[in-house]
Amino acid sequence: MATLANRPFVKMNGLGNEIVVLDLRADPVMVPPQEARALARPEALPFDQIMALYPPKRAGTDAFVRIINADGSEAGACGNGTRCIALYESVRTGRDHLVFESPAGLLDCRMVPDGITADMGAPRFGWQEIPLAHAVAHTDAVDLTLENLSSPALANVGNPHATFFVDEAEAVDLARLGPLLERHELFPDRANIGIARLLAPDHIRLDVWERGAGLTRACGSAACAAAVNAMRTGRSPRADNRPVRVSLPGGDLFIVWRAADDHILMTGPAETEFEGVLAPDMLGLASGTPA
Ligand SMILES: N[C@@H](CCC[C@H](N)C(=O)O)C(=O)O
């Protein structure tokens with residue numbers, strides 16, 4: 001039976017977004033969703049995402065990465081996790097340019113003085129691309145209201161996001177409304193929910209309810225979505241030499257939406273916390289489970 005039992009892990013974080021890195025390149029095994037859910041328990045190794053590294057499928061890439069949420073579901077993108085695996089691979093190889101492939105495309109990462117810059121690719125805004133359950137004419141202010149939240153701007157940045165721009169973020173009960181919006185009938189694949197408040201045209205305060213993980217201290221892809229949604233709705237300026245700063249509970253990310261190729265560049269830190277081995281009981285298995 002495929003199991004993660006006895007596999008080594010590295011616990012990392014990107015602005016407090018809790019990431020477990022599993023380097024499975026030497027002996028690949030798919031991550032069983034039930035083991036992921038068990039591992040996420042507070043008494044095991046609580047995490048928001050697992051970044052599981054597999055042998056590269058494409059020449060010139062370091063690894064193929066699968067992203068597993070705390071609820072066992074799989075995601076196409078994870079900005080904070082991408083910076084974590086870039087740091088992991090940079091420390092391992094001594095290189096400062098790393099390229100990963102995720103189910104959503106290539107992730108080109110560079111170590112820079114301020115942390116790591118990850119190229120998150122080009123955002124998509126078509127209703128089928130988000131995806132939505134039915135056609136809408138525009139995705140920059142969609143007809144969706146829940147209590148004091150309305151008219152989100154949507155983006156797919158490898159995963160689906162709804163950004164609600166508000167005047168007072170404090171007035172939003174995201175812990176209660178997040179789960180309802182994540183599973184709103186408009187979003188057949190569910191969605192990540194961002195509550196954004198403009199502190200200045202180039203500075204956004206953002207709180208996020210993550211699909212499959214709930215309230216987190218930071219979400220890199222949500223920061224990318226909030227920044228491009230702010231730029232495309234005229235709330236924020238779009239300039240290659242002037243990033244938009246996105247302040248999350250865990251800290252700041254800096255986002256550029258590059259004119260030449262429409263790609264989003266996200267810059268921020270990543271941190272290694274500790275390493276260990278996944279004991280069977282952490283995965284909800286009886287001890288003595290063979291690897
Ligand atoms: N924490 C992430 C996003 C992880 C995936 C997301 N929850 C989803 O299911 O789409 C980030 O930093 O981007």
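Predicted model: local features only at pLDDT ≥ 70, side-chain atom pairs only at ≥ 80, totals over all residues.
Visitor: Which residues of helix H3 (residues 174-182) are buried?
Guide: Gly178, Leu181 and Glu182. Down the axis of H3, these buried residues sit within an arc of 95 degrees, so they line one face of the helix. The arc is taken over the directions from the helix axis to the C-beta atoms.

Visitor: OK, which strands do the buried residues of H3 pack against?
Guide: They pack against strands E9 (145-146), E12 (160-165), E13 (192-200), E14 (203-210) and E15 (214-215).

Visitor: New topic: what are the domains?
Guide: Domain 1 is 8-120 + 271-283 and domain 2 is 145-259; such bounds come from an automatic or database domain assignment. Between the two, 21 residues of domain 1 are in contact with 18 of domain 2, contact meaning C-beta atoms, placed from the backbone, within 7 Å.

Visitor: Where's the ligand in all this, and why there?
Guide: Both domains give residues to the shell around the ligand, so it lies between them. Of the 20 residues around the ligand, Ala75, Asn80, Asn159, Gly220 and Ser221 come nearest; being near means a C-beta atom, placed from the backbone, within 6 Å.

Visitor: Which element gives the largest share of that shell?
Guide: H2, with 3 residues.

Visitor: Is Asn80 buried or exposed?
Guide: Asn80 is buried, because 33 other C-beta atoms lie within 10 Å. Asn80 is in helix H2. Not counting residues up to four places away in sequence, Asn80 touches Gly14, Leu15, Asn17, Ile19, Ala218, Cys219 and Gly220.

Visitor: And Gln49, buried or exposed?
Guide: Gln49 is buried, with 27 other C-beta atoms within 10 Å. Gln49 is part of strand E3 (residues 49-54).

Visitor: What feature does UniProt place at Asn80 and Gln49?
Guide: An unreviewed UniProt entry places "binding site" at a list of residues, including Gln49 and Asn80. The positions use the numbering here, feature names are shortened, and annotations may be inferred rather than shown by experiment.

Terms used
Residues numbered from 1 in each chain as written. Buried ≥ 20, exposed ≤ 12 C-beta atoms within 10 Å, placed from the backbone. Helix = DSSP H or I, 4+ residues; strand = E, 2+ residues; numbered from the N terminus.
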